[in-house]
Amino acid sequence: MGFWKEAFAVVKENDPAARYNVEIFLTSPGIKALAAHKLSHFFWCHHFKLIGRMHAQLWRFFTQIEIHPGAIIENGVFIDHGSGLVIGETAIVESGVKLYHGVTLGGTGKDTGKRHPTVRRGALISAHAQLLGPIEIGEHAKIGASAVVTKDVPTAVTVVGIPAKIVRVHGEISPERELTKLECARHVSFYDHMGGI
Ligand SMILES: CC(C)(COP(=O)(O)OP(=O)(O)OC[C@H]1O[C@@H](n2cnc3c(N)ncnc32)[C@H](O)[C@@H]1OP(=O)(O)O)[C@@H](O)C(=O)NCCC(=O)NCCS
């Protein structure tokens, strides 16, 4: 499916208020920001980095969504409302991911190179969630509104709070023992990544 066909289909699937393509095109900042990012990313990848950044800044002005031209964003991503959404240079966002307003896919300021999150297929990143560092958010994971996430999140779990903790696995309440095991694994992988501190 082409970018536009998929983008309209994703908006209709996720936004009950969306009616027809022309209306979506005229009123959805998310779809415009994602389309503009295609061009900014093209400039970025073809040695016109400054033009890519200027183009991204122009669309930030119109949409209130800031996507660094270096970010890799697959087709089929859904951005609702979008204002205040920031996606950093080395972030990767896979198809089917849902992003709401106020979300940051940012760096911690401590990492170099790959320093922004990777968000796997179908994950839901709720409004104002802050995802920081080169972490991985597993497929179909759900991040609660306003959560702060600095460690990897496994596939198909729900995390909420500051710092974000696992509260559901596959949408179900799990025994405390299971949750503690998952949290320990996250803790260990975080400190492995930090170089065994
Ligand atoms: C996280 C979320 C997606 C729900 O996921 P879920 O897997 O269905 O989880 P549940 O609703 O069963 O909630 C799990 C637990 O986390 C709590 N919880 C849910 N969201 C929370 C949040 N943002 N902050 C703190 N706790 C939260 C629930 O109260 C519940 O607590 P309990 O175990 O004591 O009962 C949802 O609550 C959320 O944050 N949605 C926001 C979506 C959004 O951004 N909308 C904006 C539209 S404009």
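This is a predicted model: local features need pLDDT of at least 70, side-chain atom pairs count only at pLDDT 80 or more; totals for chains, interfaces and linings use all residues.
**Group meeting: a walk through the model**

P163 sits in the loop that connects β14 and β15.

Now the chain as a whole. The secondary structure amounts to five helices and 15 strands. Along the principal axes, the C-alpha atoms occupy a box of roughly 50 × 40 × 25 Å. For the radius of gyration, a compact globule of 197 residues would be near 16 Å, and this chain comes out at 17 Å, so the value agrees with the globule. Of the 197 residues, 35% count as buried. Taking contacts with a separation of 6 or more, 31% are between residues 24 or more positions apart.

I take α4 first, residues 49-63. How does its length compare with what 1.5 Å a residue predicts? Its 15 residues should span 21 Å, and the end C-alpha atoms are 21 Å apart, so the two agree. The buried residues of α4 are G52, H55, A56, W59 and T63. Because they cover an arc of only 100° around the axis, they lie on the same side of α4. The general rule behind this is that an α-helix has 3.6 residues a turn, so residues three or four places apart point the same way. What covers that buried side? The cover includes α3, residues 29-45, and β1, residues 66-67. On the face of α4 turned away from the buried side, the exposed residues are L50, Q57, L58 and F61. Just after α4 comes Q64, with a positive phi of about 65°.

For α3 the length check reads much alike. With 17 residues at 1.5 Å a residue, α3 should span 24 Å, and its end C-alpha atoms are 24 Å apart, so this agrees too. Its buried residues are G30, I31, A33, L34, A36, H37, S40, H41 and W44. Among the elements that cover them are the helices α1 (3-14), α2 (21-27) and α4. The strands β1, β2 (72-73) and β3 (78-79) are also part of that cover. After α3 comes H47, and its phi is positive, near 65°.

There are positive phi values in loops as well. H140 is not a glycine, yet its phi is near 60°. H140 belongs to the loop between β11 (136-137) and β12 (142-143). Is H140 buried, exposed or partly exposed? It has 17 other C-beta atoms within 10 Å, so it is partly exposed. S146 is another non-glycine with a positive phi, about 65° in this case. Its loop runs between β12 and β13, the latter being residues 148-149. S146 has 15 other C-beta atoms within 10 Å, and therefore counts as partly exposed.

The last item is a pair of threonines in loops. T90 is in the loop between β4 (86-87) and β5 (92-93). T112 is in the loop between β7 (104-106) and β8 (118-119). Which of these counts as buried, and why? T90 does, because it has 20 C-beta neighbours inside 10 Å, and 20 or more is the cut-off for buried. T112 has 8 other C-beta atoms within 10 Å and is therefore exposed; the cut-off for exposed is 12 or fewer.

How far apart are T90 and T112? They are 22 residues apart along the chain, and their C-alpha atoms are separated by 10.0 Å. T112 and I87 are 25 residues apart in sequence, and from C-alpha to C-alpha the separation is 16 Å. Leaving aside residues up to four places away in sequence, T90 touches G70, K114, R115 and H116.

Key
Residues are numbered from 1 along each chain as its sequence is written. Helices (H or I, at least four residues) and strands (E, at least two) are DSSP runs, numbered from the N terminus. The radius of gyration is taken over C-alpha atoms; the globule rule is 2.2 Å times the number of residues to the power 0.38. Two residues are in contact if their C-beta atoms, placed from the backbone, lie within 7 Å. The expected span of a helix is 1.5 Å times one less than its number of residues. The arc is that of the directions from the helix axis to the C-beta atoms.
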